[in-house]
Amino acid sequence: MNYLQHFHTTKVVEVCIAGAGDFGRGVLRQARQMPGLSARIAIDINPEKAAEAFRHAGFPSTKIMVCHSTSDAEDAWQKGFFIATASFDTVAALPFDILVESTGIPDVGAHYAEAALLAGKHVGIATKETESVVGPYLTRLAEDQGRLFTPLDGDQPSLLIGLVTWAKTLGFEIISAGKSSEYDFIWDEAQGTVTCNGTQYDATEIAALWKLDDSDARATVKSRGEALSAIPQISVPDLCEMVNVANATGLQPDLPEFHAMVLRTIEVPTLLDTQAEGGVLKGNERLEVFNCLRRPDELSFAGGVFVVVRCEDPHVWTLLRDKGHVLSRSGNSAMVYLPRHLLGLEAPISLLDVVLNGLTSGGGHATTPKFDLTARATQAIKAGQRLEMKGHHRHIEGLRPEIHPAAALSDDAKVPFYLLPGAEVIRDIAPNQPITLADVTLPPSRLHKLRLKQDKLFYTGDSQ
């Protein structure tokens, strides 16, 4: 694709960014350099942080105005200022084309995305937590408004949806697809350690497990996982992103908690193949996450995305192996991958596609709920405890994420993970027990209200 031709137009796409973190700052920086993109509005719970994001992106301080009211924002817009504010409601009436929702806060994401669509704006969602609970509802709402609700390039869901739809368009038989986890497992052979996310772990056993066993690759990988059990091998963000891909593509996890193996890049098509071919999967079209094991001097997978396809023409795939493509040990499957996700730096491609071409990013989005991200207790939880979302990874202590077929909220149904922050536990929960609505009282939230609307829409056929 010639992107310069694809987006050739005299129109400038006006963007509003909610969330002045890394993703939003990336969009701001690119907007400053791209002639077809303008980002004059930034929202953050602390408007001074939004103003700082503009300054870090290189916009002059004299042209940035912190606005606390609708009239302030309208005046600043007319005068050509860059607007920093604390609320979407302050800027909803301004003439921008698309909202980038990147707050990372599930309930705020629900409020802003819904409000933007009702205000006649497109929405690009980087708050995967919101999408995991109500993505199909927001997609349908966008359709009703004649707008688009889309994931954004720069995040793995959009990139993986694009890779999967690319493979399907070409007619490949898809065995598996997924991403590497956020942080590599970096093996230092001299020290006998593995470093992950800045923390060093003793890992002397990895020397004997570096190469796959000739007769049983699965046993090698199982032993690796056990040897590195002190390192978290699955995270909530990984599964949150994958449930959004599952809803958009129909691909499904092989296990609710995923295999999440520790693999070298060259091993992915060998292990993420079917059991009949020596891999771990029960069937085709499975979603998966792996932890990238590498030496310090080897290239990172960079949290990138992959698809494993069946090799149907031995001659062609032998040629491609000779050119450096990654095939399984048997030669019966191959991995095609994109070792990148550049956050907000590449999101503008999605923004231009939505506004100028009427296309969702990656070529797919969740039109119906197929899967939910749910939670299972990893420890005993007493009645009266309040569940709290913590940290950069939006985890809840004592809970692990799983993916299960979607279901409407009910006493015996598993609760979507990101409806649980702030919930009060109303009866004792045993270790390994899934969290259902009978176990908790959910706090009032816009996300909860939208989920009830989604359930009514898709399980009773009535959105009112």
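Me: Helices are DSSP runs of H or I with at least four residues and strands are runs of E with at least two, both numbered from the N terminus; which helices each supply at least two residues of the lining of the largest cavity?

Reply: They are α6 (128-144) and α7 (156-169). The model is predicted, so local features need pLDDT of at least 70 and side-chain atom pairs count only at pLDDT 80 or more, while totals for chains, interfaces and linings use all residues. Residues are numbered from 1 along each chain as its sequence is written, and side-chain values use heavy atoms, with hydrogens and water left out.

Me: What makes a space in this structure a cavity?

Reply: On a 1 Å grid over the protein atoms alone, a cavity is a set of points where a 1.4 Å probe fits but cannot get out, and its lining residues have an atom within 4 Å of a point. The structure holds one cavity of 30 Å³ or more, and about 50 Å³ of space lies in the largest cavity, a volume being the space filled by probe spheres set on points joined across faces, edges and corners.

Me: Which residues line the largest cavity?

Reply: Among them are Ile125, Lys128, Glu131, Pro151, Asp155 and Ser158. By class, the lining has five nonpolar, two polar and three charged residues, where Ala, Val, Leu, Ile, Met, Phe, Trp, Tyr, Cys and Pro count as nonpolar, Asp, Glu, Lys and Arg as charged, and the others, Gly among them, as polar.

Me: Why is Cys196 counted as being in no disulfide?

Reply: A disulfide is a pair of cysteine sulfur atoms within 2.5 Å, and by this rule the count comes to zero.

Me: What makes Cys196 and Cys240 buried?

Reply: Buried means under 20% relative accessible area, exposed over 50%, and partly exposed in between, with a 1.4 Å probe and protein chains only. Cys196 has 9% and Cys240 has 0%, so both are called buried.

Notes:
On a 1 Å grid over the protein atoms alone, a cavity is a set of points where a 1.4 Å probe fits but cannot get out, and a pocket is an open set with protein on both sides within 12 Å along at least five of seven lines; lining residues have an atom within 4 Å of a point.
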